[in-house]
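Here's a quick briefing to read alongside the model. Take a look at the structure first, then work through the points by topic.

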There are 2 protein chains.
Amino acid sequence: MSLTRVQNFSISLDGFGTGDGQSLDAPFGTAGERLHEWMVATRWGRAMFGGTGGTGGVDEAFARQHDESGIGAEIMGAGKFGPPGWHEDSQWKGWWGPNPPFHTPVFVLTHHPRPSIDMEGGTTFHFIDAPPAKALGAAREAAGGLDVRLGGGATVIRDFVAARLVDHMHVVVVPILLGRGVLLWHGLESLERDYAIEAASSPSGVTHVTFTRTGMRS
Amino acid sequence: MSLTRVQNFSISLDGFGTGDGQSLDAPFGTAGERLHEWMVATRWGRAMFGGTGGTGGVDEAFARQHDESGIGAEIMGAGKFGPPGWHEDSQWKGWWGPNPPFHTPVFVLTHHPRPSIDMEGGTTFHFIDAPPAKALGAAREAAGGLDVRLGGGATVIRDFVAARLVDHMHVVVVPILLGRGVLLWHGLESLERDYAIEAASSPSGVTHVTFTRTGMRS
């Protein structure tokens, strides 16, 4: 069965998934890059930036799932694809260079659809203006029986969880307090009724919290 | 040196330290008792309610510190001492019966001071209307060189942390989403700059997060 999954989504201890002040120079907002230090420190993270070395513990085990867990398509919000206003730049092709690290169809949710873009390495960006269930339908069809990853940001994950469309979610709680940004948990009261929840803290200081759906899918 | 400590303070994954709807029948609010299931399941918790058995792992190790870590006085908010309106009941002596589990002087912060109450077992309740630094001064004097525990609720802890008066804090993140109540982290942005933070997840599902002050005391 094709599952809808969230992987490696980092939030601060006070629940913010994106820092304030997102821009071309600060894709995760002014403080948000600190949300991802744990990932950049892993072997997987080092390799992604062309480096070597890195940690090999629980952080690495989770981070590496990004590449090795049978994802056939991705859905992301407009805020993950580019800085505010990217839709006014007809040449914008995402943050990730010519060979983005997705290697699948990627459905970008936007109120400003544009023609699809084929990138190197198997990534194709599609731009759709659709509510969660409809976007998931398109992604699932493109995934060819594999899972669909929900890439974020926080607003998109929240909307899909609220619509009861997420089967598995891996959230990384980072011990910093951002004080502002987008709250992942807003409006998701009693979520624990639908999921088995595990927590695994890492020597890096972060805690990996996983949600596995136990109730019926909607 | 006498430290100011927070112990065993439970919050939901979305950061609420107290559920909504606190009352005589629901001291932690309508959903808040679920914040303390981890503690009640320990040997220490079972014994507190006159039972036997219970878990003996990391939850027990933390819970038991309540009794065994050199606390000489406690500070708590009015909302911890009684249900809304307790100050109108001249006979109210707290939730805990004739022998409260503190066994030290306890300073209750209230806008309605009343005469002190001597209880069995060494607990004396004092009622003061004072800002954090002044309340801490009184408690520290009463503690006779031992540490001062900040008992909560969330508003009181937040105020003392914001005033840079807390040396060590143990917060227990429980994997439930309450959606409402008092947010522990509100207004404490960048707290991580002043503390070394560790996280230890427990098989019970909760994560123990400890904050040890690294910077100067104010």
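With 54% relative accessibility, G56(A) counts as exposed, because the cut-off for that label is over 50%. Keep in mind that this is a predicted model.

**Two loop residues in chain A**

- G56(A) sits in the loop that runs between helix 2 (43-48) and helix 3 (58-68) of chain A.
- If you jump 102 residues along the chain from G56(A), you get to R158(A), and the C-alpha atoms of the two are separated by 30 Å.
- S202(A) is in a loop too, between strand 10 (195-201) and strand 11 (207-213) of chain A.
- S202(A) has 7% relative accessibility, so it counts as buried, a label that applies under 20%.
- Leaving out residues up to four places away in sequence, S202(A) touches V58(A), D59(A) and H208(A).
- With D59(A), there's also a polar contact from side chain to side chain, at 3.0 Å.

**How the two chains are related**

- As a bit of background, two copies of a chain are related by a rotation about an axis and a shift along it.

**The interface**

- Chain B puts 23 residues into the contact, and chain A puts in 23 residues.
- About 1,900 Å² of area is buried between chain B and chain A, with 56% of it coming from carbon and sulfur atoms.
- Three residues, L13(B), L177(B) and E189(B), supply 31% of the area that chain B buries against chain A, which is more than any other three residues.
- Between chain B and chain A, the count is 4 salt bridges.
- E189(A) makes a salt bridge with R180(B), and their closest N and O atoms are 2.6 Å apart.
- Polar contacts across the interface of chain B and chain A come to 11 residue pairs.
- On the side of chain B that touches chain A, the elements giving two or more residues are strand 10 (195-201) and strand 11 (207-213) of chain B.
- Strand 10 of chain B gives the largest share of that side, with 4 residues.
- By type, the residues on that side of chain B split into 13 nonpolar, 5 polar and 5 charged.

- In general, most residues other than glycine have a negative phi, and most peptide bonds are trans.
- G152(A) and G153(A) are joined by a cis peptide bond, with omega about 0°.
- G153(A) itself is in the loop between strand 7 (147-152) and helix 6 (154-162) of chain A.
- Over in chain B, the peptide bond from G152(B) to G153(B) is cis, and omega is near 5°.
- H103(A) isn't a glycine, yet it has a positive phi of about 60°.
- You'll find H103(A) in the loop between helix 4 (78-81) and strand 4 (105-109) of chain A, and at 44% relative accessibility H103(A) counts as partly exposed.
- R164(A), also not a glycine, has a positive phi near 60°.
- R164(A) lies in the loop between helix 6 and strand 8 (168-174) of chain A, and its relative accessible area of 36% makes R164(A) partly exposed.

Note on methods:
Residues are numbered from 1 along each chain as its sequence is written. Chains are lettered from A and ligands numbered from 1 in the order in which they are written. This is a predicted model: local features need pLDDT of at least 70, side-chain atom pairs count only at pLDDT 80 or more; totals for chains, interfaces and linings use all residues. Side-chain values use heavy atoms; hydrogens and water are left out. Buried means under 20% relative accessible area, exposed over 50%, partly exposed in between (1.4 Å probe, protein chains only). A polar contact is a pair of N or O atoms within 3.5 Å; within protein, one must be able to donate a hydrogen and the other to accept it, and residues adjacent in sequence count only if both atoms are side-chain atoms. Contact means heavy atoms within 4.5 Å. Buried area is the accessible area (1.4 Å probe) that two parts lose on being put together, summed over both. A salt bridge is a side-chain nitrogen of Lys or Arg within 4 Å of a carboxyl oxygen of Asp or Glu. Ala, Val, Leu, Ile, Met, Phe, Trp, Tyr, Cys and Pro count as nonpolar, Asp, Glu, Lys and Arg as charged, and the others, Gly among them, as polar.
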